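Let's take a friendly walk through a protein model. Keep the structure in view as you read.

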Amino acid sequence: MSDALPLPASAPAGRPLPRARAYAERPNPKATSLDQAVARIVGLARAGLSRVGARRYARIADAALAQEEAVASLSRGALDGEIRAVAGRLRGRERFRDADVARAFALIREMSGRVSGQRHYGVQLMGAAALLDGRIAQMATGEGKTLTATLAAGAAALAGLPVHVVTVNDYLAERDAETMRPLYAALGLSVGIVKEKQELPERAAAYACDITYCTNKDLAFDYLRDRIALGQRASDVRLKLESLHAGGGRLGQLRLRGLHFAIVDEADSVLIDEARTPLIISAAAGTQFGPETLSRAMEVAALLHSPRDYLIDQGERRVLLTEAGRARTADLVAGDGPAWRGRVTREELVRQALSALHLFLRDEHYILREGKVVIVDANTGRVMPDRAWSDGLHQMIEHKEGCALSQGRSTLARMTYQRFFRRYRRLSGMTGTTTGVVAEFWSVYRLPVVRIPTHRPVQRRHLPDAVLPDDAAKWRHVTARIAELHARGCPVLVGTRSVAASARASAHLTAAGLPHTVLSAAQDGAEAAIVAEAGQAGRITIATNMAGRGTDIKLGPGVAEAGGLHVIMVERQDARRIDDQLAGRSGRQGEPGCFQAILSLDDPLLDGDAIPRGLLRPALVLAASFLGARLAERLGSLLLRGAQGRTERLHARMRADLLRSDQMQDRILAFAGHSE
């Protein structure tokens, strides 16, 4: 097995197929900064060649569609025989040939039509060919990525590869697996679902299936648990010898069979947005500090003043104590007991208290559920009940909210998403947008991006941004616009960044007498039902960005004639890709729809901006007086886009720093004799 990253997917005959191993995975590649820089340049160059790949996949799709009449004439027995025959050809060759791929797709498409009445479109065949070739298939929202994945997953599983279809939450994993199970069963393939709270035997059974649907978090943490079980001495020969003994040795304790082939849905969310956070498995280690110490830290933090005693870096989301703050902290806690005697300990306690007070806000970064602090995923808007902040921060926030203190944790294993997914012998993904991250997909994961055309022409209208001086003016404008659309019978989806922002939107609409439904991390259990109704005539839905991922909004009777679903964004997201995902909730599959951003200079993206809001607001009013309202709004929109771009670059640096830190840790462990 080579130490190199996956080879580019430009060879006409496709990539070599990985051979089965005791625990198949690709070793962590050792890449220098120069390697990363060169790879990034190559990635930008390859971005311009995506049309070449798209033409090849179009030829595969055309070849599959050309067989439609002949395949449709086959009896069920003959169809099953053809599927076995193509499986034999796929298994018996070192590479996937385009002709074999087209034949497999034609047979799977026909079987899908007979089992569920759904036959794949040409663009779905193109997307599946890109997946099977180890690429990111960029398909517009609503183009049917779930059905597209069945072609690639089915063909790979027929070739003998264990396939992981990775989604962003348990609901989508279970929904997609159960929806597609009849098709896979007709192909002679087994399907497993990995869900939260499953025990080891259930998980191992799910991963033992031909195709396994799971979330990125479950999958990555199961891999880390397997690495802990395998330990340091886990060569193929040793594991195979152990399996000869009763109980199967360490292989019998594992969840996964290795990392063979993954299809990552919403790849930009999983591989880019979530890659800023390391994956850590920890064990209970007791609570280092009691309520009295945490309470005292909060009291001290409340007595400190910014910027004299501390500085808040909103971009990096951290607190820095100044020299004056360190001295004042020492004076305030003098004689307070042993917990405060060490300089490093007392300053860390105060920094965590300041972070809990100023950086981590209820209903934005976390919610309270059944008396516990539950983290809200900033990328998806969904709750993460099994996650906790490290280094005592979680306990500090629990104390701030008056909750019972949970136990502290000690780290057992740590890994980044970048490092984990690069260990797959074969990796691919689907997403609705790759704006700004094409080069990163290549430089980090060696994943080229190919843009797949839409099945029908897009009819969605993008109205110009409206940028108001402050939140009060923005909400007056938003409320008036929603009232106008509601009176016409148009459904409206209002997109927000956080639970708190959804609550504010709800309060304004309630005051205006507009009936509405709120979908946020606090109501995640009812997501499917709420989203299913969001396209009905006159419906008003307020949603965090979770509504833009994996769920479908179908238009009710008469809605298309009224202009389709109208999406109104009231805050910019951290990345333009997430804005685009929200816009993609309307105008799907050639349906009519509309998208507009109604924003203000109180937008959270401008927190910590170099230009104070006190100067921005009068400047915008002055520009409107001299240049006209339309041009002033254009300037305001550019200002917010600039802030969004700075946030995107900051997050890219954070991901790069995390990856470098991970690689450095691996080198240190290797030097000490404890590397993986």
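Here is a short tour of helix packing, nonpolar cores and salt bridges.

## About the model

This is a predicted model, in which local features need pLDDT of at least 70 and side-chain atom pairs count only at pLDDT 80 or more, while totals for chains, interfaces and linings use all residues. Residues are numbered from 1 along each chain as its sequence is written, and side-chain values use heavy atoms, leaving out hydrogens and water.

## Two packed helices

Helices here are DSSP runs of H or I with at least four residues, numbered from the N terminus. Helix α13 (residues 291-303) packs against helix α15 (residues 343-358) at an angle of about 70 degrees, and their axes are 8 Å apart. The two are therefore roughly perpendicular (a label for angles of 65 to 115 degrees). Axes are lines fitted to C-alpha atoms over the stretch in contact, and angles run from 0 to 180 degrees between N-to-C directions.

Which residues of α13 and α15 make the contact? On α13 they are T293, A297, M298, V300, A301 and A302, and on α15 they are L349, V350, A353, L354, A356 and L357. Contact means heavy atoms within 4.5 Å.

## Nonpolar cores

A nonpolar core is a set of buried Ala, Val, Leu, Ile, Met, Phe, Trp, Tyr and Cys residues joined through side-chain atoms within 4.5 Å. Buried means under 20% relative accessible area, exposed over 50%, and partly exposed in between, using a 1.4 Å probe and protein chains only. The largest core has 60 residues, and those with the most contacts inside it include F105, Y184 and I263. Helix α7 (residues 145-158) gives the largest share of this core, 9 residues. Another core lies apart from it, with 39 residues, among them V168, C214, L271 and Y417.

## Salt bridges

How many salt bridges does the structure hold? There are 42, each being a side-chain nitrogen of Lys or Arg within 4 Å of a carboxyl oxygen of Asp or Glu.

One of them joins E25 and R227, with the closest N and O atoms 2.6 Å apart. E25 sits in the segment before α1 (33-47) and R227 in helix α10 (residues 216-230), so this pair links distant parts of the chain, 202 residues apart. Both E25 and R227 are buried. Another salt bridge joins D579 and R641 (3.5 Å, N to O). D579 is buried at 2% relative accessibility, whereas R641 is partly exposed at 22%.

Methods. Parallel < 35°, antiparallel > 145°, perpendicular 65-115°, else oblique.
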